[in-house]
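Let us walk through a protein chain together, from its inside to its surface. Keep the structure open as you read.

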Amino acid sequence: YNTINGDIDEKAYNSDLLVQRYFQRRKTDAVRDSLGVKAGDIVVDIGCGSGVQLQEIGRTGYALAVGIDVSLNAALHGQKKAIKNTDFIIADAQHLPVKASCVDKIICAEIIEHVKEPDHLITEIARVLKDGGEVVITTPNDRSVWGMYELFWDLFGRGRNYKETHLRFFSESGLRSYFPAFSECSTRTLFFISPLFALTNSRRLLAIGIRLDRVFEQRGLGVSLLLHARK
């Protein structure tokens, strides 16, 4: 993992490929809107990568944010951005170097499918969140056509070797089952056909795909899960 360029997420966010740019930006927007970070919040981004999500969410302001990643390259790249009120550290997502009950909001985007013990990750999230604190998790939807997307991403994704690094997949109910002690927990799905339309690099076709997506997303068939939970 440390051989991967530290700015891989940022490159996707600003890619010349419409499909990468659209997928990364829409998911970041969904995470931001679900969390509703406020000026006084303490935020942790688990598996922060290049820090692009903190950079975008930080535009609305927060008191303090910490990006945590196992990759030295990612942490160094994030630190170079000098994002206001933000720092980056190297750590394992399943052993967070954070005090208990001190975090308001947690981002955990596209991480849980990569860890061997998801319950350890959830236990750590619950430990560091304050009462009333919130977490957003995104991950591929097991009950979808995600396998087809993995094929396309591995062919065109410029370094995203999903087939090799995804250890498990989750359904909506399966992911929610990890949060029985949380006061609130809900899931929804994102994307269906629109990323394939985006491969054409045509904004007009992408707009059609987005309209079609809504039908499948409402039925839980989107290829990406987004879970929002409140402790």
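Start with tyrosine 22, which is buried because its relative accessible area is 10%, and the cut-off for buried is under 20%. Keep in mind that this is a predicted model.

What kind of aromatic pair does tyrosine 22 form with phenylalanine 191? The pair is edge-to-face, with 5.6 Å from centre to centre and 85° between the planes. Tyrosine 22 sits in helix H2, while phenylalanine 191 sits in the loop between strand S6 (184-190) and H9. The two are 169 residues apart, so this pair links distant parts of the chain. Phenylalanine 191 has 0% relative accessibility, so this residue counts as buried. Another edge-to-face pair joins phenylalanine 179 and phenylalanine 182, at 5.0 Å centre to centre and 85° between the planes. Both phenylalanine 179 and phenylalanine 182 are buried. Ring pairs also link Tyr22, Phe23 and Phe191 into a cluster. The count of aromatic pairs comes to five.

Now look at the nonpolar interior. In soluble globular proteins, nonpolar side chains tend to be buried together. Here the largest nonpolar core has 29 residues. Val43, Leu54, Tyr62 and Ile107 have the most contacts inside this core. Which elements give two or more residues to the core? They are helix H2 (18-35), helix H3 (52-57), strand S4 (103-109), helix H6 (146-156) and helix H9 (194-198). H2 gives the most, with seven residues.

Take a closer look at leucine 54. Leaving out residues up to four places away in sequence, leucine 54 touches Val43, Asp45, Tyr62, Ala65, Val66, Gly67, Thr86, Phe88 and Ile107.

Next, find tryptophan 146 in helix H6. Its relative accessible area is 5%, so tryptophan 146 is buried. Tryptophan 146 and leucine 225 are 79 residues apart in sequence, and their C-alpha atoms are 11 Å apart in space.

Charged side chains come next. The count of salt bridges comes to 14. One of them joins lysine 105 and aspartate 41, with the closest N and O atoms 3.1 Å apart. Why does this pair tie together parts that are 64 residues apart in sequence? Because lysine 105 lies in strand S4 and aspartate 41 lies in the loop between H2 and strand S1 (42-46). Are these two residues buried or exposed? Lysine 105 and aspartate 41 are both buried.

Glutamate 134 forms a salt bridge with arginine 230, the closest N and O atoms being 3.4 Å apart. This pair links strand S5 (residues 129-140) with strand S7 (residues 224-230), across 96 residues. Glutamate 134 counts as buried because its relative accessibility is 8%. Arginine 230 is partly exposed, at 26% relative accessible area. A network of salt bridges links Lys38, Asp41, Lys105, Glu134, Glu184 and Arg230.

A salt bridge can also lie within one helix, as arginine 127 and glutamate 124 do in helix H5 (residues 118-128). Their closest N and O atoms are 2.8 Å apart. The two residues are three apart in the helix, so about one helical turn separates them. Arginine 127 is partly exposed, at 29%, whereas glutamate 124 counts as buried, at 11%.

Leu72, Leu76 and Ile90 make a nonpolar patch of about 260 Å². Leucine 76 belongs to helix H4 (residues 72-80). With a relative accessible area of 44%, leucine 76 is partly exposed.

Technical notes: Residues numbered from 1 in each chain as written. Predicted model: local features only at pLDDT ≥ 70, side-chain atom pairs only at ≥ 80, totals over all residues. Heavy atoms only, no water. Patch = residues over 30% accessible without salt bridge, like charges linked within 9 Å, V, L, I, M, F, W, Y side chains within 5 Å. Areas by Shrake-Rupley, 256 points an atom, 1.4 Å probe, with all protein chains shown as cover. Salt bridge = Lys/Arg side-chain N within 4 Å of Asp/Glu carboxyl O. Helix = DSSP H or I, 4+ residues; strand = E, 2+ residues; numbered from the N terminus. Buried < 20%, exposed > 50% of the residue type's maximum accessible area, 1.4 Å probe, protein only. Core = buried A, V, L, I, M, F, W, Y, C linked by side-chain atoms within 4.5 Å. Contact = heavy atoms within 4.5 Å. Phe/Tyr/Trp six-rings, centres within 6.5 Å; stacked < 30°, edge-to-face > 60°.
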